[in-house]
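Biologist: I am new to this structure. Please take me through how its features are read.

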Amino acid sequence: MYESDGGLVVSAGDLTGFLACEHLTRLSREVARGDRPRPTAVDPMSRLVADHGIAHEARHVQRLRDRGLSVVVIAQPGSGRDPAALHRAQAETLAAMQAGADVVHQATFYGSRAAGVTWRGHADFLLKRPDRPGALGSWSYDVADTKLARRIKVPAILQMALYGRLLTGLQGVPPELLTVVTGDQQELVFRYADAEAYARAAEERFLARLDDLALAPPYPNAHCGVCPWRETCTQRWAAEDHLSRVAFLRRDHAGALVAAGIGTLTELAGRGPDDLPDTIGRTSRERIARQATLQHAERVTGVPGYDFLPRVPGRGFELLPPPSSGDVFFDIEGDPFSGDHGLEYLWGVLDRAGEYRSFWGCTAAEEQGGFEQLVDHLTAVLAADPDAHVYHYAPYEPARLKALSARFGSRQAAVDRLLRGGALVDLYAVVRQGLQISKESYSIKKVEDFYRGHTRPVGEAVSDAGASIIAFEQWQQTGEQRLLDEIEDYNRDDCVSTRQLLDWLEGRRAELVAAGVPLGRPVDADPDPSPAAVAAEAAREALVQRLLAGVPEQPADRSAEQQAVWLLAQQLGWHARESRSEWWEHFRIRDLTPAELERETAALGALEAPVLLGVAEGRVHVAHRFPPQETKLAPGQKVEQGPPGADGRTVIAEVVALDGATGELVLSRPVDRAGDHAEGLLPRGPIAARNQQAALLALGTAVADGGLAGPEVPTAAADLLARRPPRLRPGTPLQLAGETAADRTRRLVAALDGGVLAVQGPPGAGKTYAGARAVLDLVAAGRRVAITANSHKVVGNLLDGVLRAAGEAGVPLRAVQKAPAGQRCASPAVLGTDDNATVVDLLDAGEVDVVAGSTWLLTRPDLAARLDVLVVDEAGQLSLADTLAVSAARRTWCCWATRSSCASPAGASTPTAPTSPRSST
């Protein structure tokens, strides 16, 4: 944002900054007017992020050129703010578009005015669309941007949508697609039409606030981490005694307090829970008041203090196992910017005797070795002392163990034993669930004040995680050993601090016990899988060895059939790997407090006290309020309550009604559980994929016995594995002159004679339209059709399209969908059921033409040979293992996939080493 020729020039960054923090807009406006100087200090981490972003963009430019595309680079104005130079850059952008360049890099937009403001933008890329005519001719352009993040948030889409509006002014038509190239090289595609209305509303609000300057005061948010004004605002909050300084205070609670006349931490510290507004739940009022009181007391006395939280069985201090001489203390240093996945370059372990071991992996090639040495070391520690545990602070360490074991396909069983046996102990969970402390932050650096007598100083050497990243990046450039030594010293000190924290917590536990609080110790679970799981793994491994007998190790040495057999062998353990990862995630969420569940979209928390609605059919119905939040839980879903019931057993409830926007929930549970009130909800544990695993073993055995052409091998499965073209009736052309994509799809589906037809296209290209009508054509030809996908929602979407098409054509369609009541398609003409036997009975009676359901349904043995054609919607999100598993006696498959969904299936944990298979269909 800056003034030019008497007017204000703003950019997409100003718009996204406004949405993150309105006070940032105020500060930027003051700088533009000359009322305030711009911050002179540049945060090293912000500079590092910017440098990596530039390098990521440059790598993508090269990838585009490697694809044979012509790339025109628009030179940026030297001064950056010269209007004439910016107009020239926009003219050069338009000239490149008119010339039909495949890619325009650093496309410049300047001069579009709205509400007296000039918009300026620089899109990373404009991508030519030869199939979409506009004012340029028979082509137009879409927008693409590179983002260093590996998960895309709304501001990235908003920024591209703004560029899309500016692009529309140059080419006469809006773009169709917005593509984000993430830091791990994924290309995610979104429809411009889906974002345009939101972007327009955000732009209008931004311009209105620029005009009236009715901008909100500063409040801490995620953008603060990269904001140049961070220190300015931090000083202001300290001077104002701002409520945001109260640890874990939610912004909506702060707003309620201010509205009630409580505007500072000191004012809050003088109040009890009953003095706070009742729009905040009772439990939250107690926590807020206690936290403010503790922090204010330390501010006055200079002495850190703590309070014990009420005992909850299995939480807080009851997470501490008995100390053992073999205990070790564990910490990781990682660089999120190195490579496609980040780099965990140092794994440090300290034992009780003070011996420290470091395991390094300073390059992507070395990372796996460091990880494996670390896991082997921890395994040896626990073998030498079965009572030992591995202590760490915060969930980062176990999360990286899980992620790397899955990514490398290495040490998965060993990591599973660590997790299954409860060997990893998170002391952050003990602190958060057992104590409230007089600190704004509960980071270990702040907690150290209780057992070291001071918080760790920030000096010239590496003193925090950000500094370790910067030092490691400097080492990558210079190779200076001193930098690695400083990082190792920092890591060792973190391990020492973790050991000291455990000793301090044991002291606080003893304090509680002396006060008469009955605290238990956790009982370690059996780290070994069940005998049945061991036997199943042995059977899979034996079949893998049969399949791979004679298959060369190097891909370049394999024939097409050998590569297909190798690919099949990799799928046999897919469900076991996924189940392991899903159970890890389930237990991670189960260990969270109700307040922590609020930040998990898979769960729901923190629930306020219930209101009894009544009892019907042996179930009690209760209503809860909760902080408005995004959640994937839905009506009709069975959920697990937290905490467990009074008897220590898990309580299963059903969601009757749920509104995440208003924070309203209705639950039902058995009447004998009426007194077991929920404080949080999480999904039930993963469903065992026994049918899918059995079907894959049968397919693998058939291939091992007779090869891909064996008599028991489904044609479609063999063709998919071997990547063969679709089998069409003789004389069928792939394309006819003047034929639309939808018509071509319908014609080719009708002409299939076994095998696989893949239909791929971007969002909004009409795949659902064409697919729905292709299903109607198949039914009209006397085929029974199965529809499946990665979720009931996707299945229901296609099924609704089929029923709309049937209604338009005036033809009846008999369809059944097996799905929970709250997750079925919208069409009332579809018979919905949650009973597998009903589907079988309908097929036996010849009363259904289309069967829609998950792979759990379609891999049932009693459905084998019952259906003719399988339609897989959003095939890029369905695992190859699941697609192969549903192949029994279905000669023909039609797979629909969007361009943005073909990288990997949702939740996939298949290894991503260079020799590993893609896990998606």
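**Helix packing, a residue and the cavities**

Modeller: Helix α1 (residues 12-20) packs against α2 at an angle of about 135°, and their axes are 5 Å apart. This is a predicted model, in which local features need pLDDT of at least 70 and side-chain atom pairs count only at pLDDT 80 or more, while totals for chains, interfaces and linings use all residues. Residues are numbered from 1 along each chain as its sequence is written, and side-chain values use heavy atoms, with hydrogens and water left out.

Biologist: How is the angle between α1 and α2 to be read?

Modeller: Axes are lines fitted to C-alpha atoms, for helices over the stretch in contact, and angles run from 0 to 180 degrees between N-to-C directions. Angles under 35 degrees count as roughly parallel, over 145 as roughly antiparallel, 65 to 115 as roughly perpendicular and the rest as oblique. α1 is therefore oblique to α2.

Biologist: Which residues of α1 and α2 make the contact?

Modeller: Contact means heavy atoms within 4.5 Å. On the α1 side there are Asp14, Gly17, Phe18 and Ala20, and on the α2 side Glu22, Leu24 and Thr25.

Biologist: Is Leu24 buried or exposed?

Modeller: Buried means under 20% relative accessible area, exposed over 50%, and partly exposed in between, with a 1.4 Å probe and protein chains only. Leu24 has a relative accessible area of 12%, so Leu24 is buried. Leu24 sits in helix α2 (residues 22-33); helices are DSSP runs of H or I with at least four residues, numbered from the N terminus. Not counting residues up to four places away in sequence, Leu24 touches Gly17, His223, Cys227 and Trp229.

Biologist: How many cavities of 30 Å³ or more does the structure hold?

Modeller: Rolling a probe the size of a water molecule over the atoms shows where empty space is left. On a 1 Å grid over the protein atoms alone, a cavity is a set of points where a 1.4 Å probe fits but cannot get out, and lining residues have an atom within 4 Å of a point. Grid points are joined across faces, edges and corners, and a volume is the space filled by probe spheres set on the points. The structure holds two cavities of 30 Å³ or more. The largest cavity has about 100 Å³ of space. Of its 14 lining residues, Cys21, Asn221, Cys224, Cys227 and Cys233 are the closest to its centre. Both α2 and α7 (230-240) supply at least two residues each of this lining.

Biologist: What lines the second largest cavity?

Modeller: The lining consists of Arg59, Leu148, Arg150, Gly183, Phe337 and Gly339. The second largest cavity has about 30 Å³ of space.

Technical notes:
1 Å grid on protein atoms, 1.4 Å probe; cavity = no way out; pocket = protein on both sides within 12 Å on 5 of 7 lines; lining within 4 Å.
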